[in-house]
Amino acid sequence: MFATSPAAVARLSSGGAPGARGDGHQVPAAVPIAAGWLRFARQTLDAKSYAGLLESLQRRLDPIGWFCLAALVATGMFQMSSNPNYGGLLAISNQWAAAILIKHLVFLVMVGLSAYSTWVLFPQMRRAALRLAKSQSEADAATAARLQRQEVNLMRLSLVLGVLI
């Protein structure tokens, strides 16, 4: 959705409704990037503090993250429908439409990764950190380490997909 001609640049930068210039679309895209510091917190906090941090972050940031996702969908639909290359739902009549379809498929994969992280991985990590704080057993430590590796891999994959988009 990069403007390539002077007329397109003028059209995009002329103001209008929120999101017409992309401002309302870029802000919600940048907010979830701030969550990447979580793996560094694990290196400095003990297991019980880390479990509390995970619970607090999930309770406070998940609604913001999902709101940002909804804002991306809403502003993206507005931008897409105002583009002259848009021919309708699943109307793939030009290169722009094919590129937008691929972009949306990658976006759906990212939504799936976020859902998995929110409702599966983070709760498992929180439980593992609490078990580790109680028992300090090697099995609990191995489980926590495995979940942390899974989290890092998930964040890396999300980053790569975000760059592709």
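A residue is termed buried when its relative accessible area is under 20%, exposed when that area is over 50%, and partly exposed in between. The model open in the viewer is a predicted one, and this tour applies those terms at several of its stops.

**Stop 1: Trp96**

Select Trp96, which lies in helix H5. Is this residue buried or exposed? Its relative accessibility is 17%, so Trp96 counts as buried. Next, display its surroundings. Setting aside residues up to four places away in sequence, Trp96 touches Met80, Asn83, Asn85 and Tyr86. For Tyr86, a distance may be drawn between C-alpha atoms: Trp96 and Tyr86 are 8.0 Å apart in space and 10 residues apart in sequence.

**Stop 2: the whole chain**

Zoom out and colour by secondary structure. The protein has six helices and zero strands, and the order of elements from the N terminus is α-α-α-α-α-α. Of the 165 residues in the protein, 29% are buried.

**Stop 3: Ala99 and the end of the chain**

Return to helix H5 and select Ala99, which lies in this helix. Ala99 has 45% relative accessibility and therefore counts as partly exposed. Along the chain, Ala99 and Ile165 are 66 residues apart, while their C-alpha atoms are separated by 9.7 Å.

**Stop 4: the aromatic pair**

Select Trp66 and Trp119 together. The structure holds one aromatic pair. The ring centres of Trp66 and Trp119 are 5.1 Å apart and the ring planes stand at 10°, so the pair is stacked; the cut-off for stacking is an angle under 30 degrees. Which helices hold the two residues? Trp66 lies in helix H4 (residues 47–81) and Trp119 in helix H5, so the pair ties together parts that are 53 residues apart in sequence.

The two partners fall into separate accessibility classes. Trp66 has a relative accessible area of 24% and is partly exposed, whereas Trp119 is exposed at 57%.

**Stop 5: the patch around Trp119**

Tyr116, Trp119 and Val120 make a nonpolar surface patch of about 300 Å². Trp119 has its place in helix H5, which covers residues 95–135.

**Stop 6: the nonpolar core**

Hide the surface and turn to the interior. In soluble globular proteins, nonpolar side chains tend to be buried together. In this model, the largest nonpolar core has 17 residues. Select Tyr50, Leu121, Met125, Leu147 and Leu161, the members with the most contacts inside this core. Helices H4, H5 and H6 (138–164) each supply at least two residues of the core. Which helix gives the most? The answer is H5, with nine residues.

Centre the view on Leu147. Its neighbours within four places in sequence aside, Leu147 is in contact with Leu121, Gln124, Met125 and Ala128.

**Stop 7: the salt bridge**

Side chains of opposite charge can pair when their charged atoms come close. How many salt bridges does the structure hold? The structure holds one. The side chains of Asp140 and Arg131 meet in a salt bridge, at 3.8 Å from N to O; the cut-off for such a bridge is 4 Å.

Compare the exposure of the two partners. Asp140 has 14% relative accessibility and so counts as buried. Arg131, by contrast, is partly exposed, with a relative accessible area of 40%.

Technical notes. Residues are numbered from 1 along each chain as its sequence is written. This is a predicted model: local features need pLDDT of at least 70, side-chain atom pairs count only at pLDDT 80 or more; totals for chains, interfaces and linings use all residues. Side-chain values use heavy atoms; hydrogens and water are left out. Patches are made of residues with over 30% relative accessible area and no salt bridge: like charges are joined within 9 Å, nonpolar side chains (Val, Leu, Ile, Met, Phe, Trp, Tyr) within 5 Å. Accessible areas come from the Shrake-Rupley method with a 1.4 Å probe; for residues, only the protein chains shown count as cover. Helices (H or I, at least four residues) and strands (E, at least two) are DSSP runs, numbered from the N terminus. Rings of Phe, Tyr and Trp (its six-membered ring) pair if their centres lie within 6.5 Å; planes under 30 degrees apart count as stacked, over 60 as edge-to-face and the rest as tilted. Buried means under 20% relative accessible area, exposed over 50%, partly exposed in between (1.4 Å probe, protein chains only). A nonpolar core is a set of buried Ala, Val, Leu, Ile, Met, Phe, Trp, Tyr and Cys residues joined through side-chain atoms within 4.5 Å. Contact means heavy atoms within 4.5 Å.
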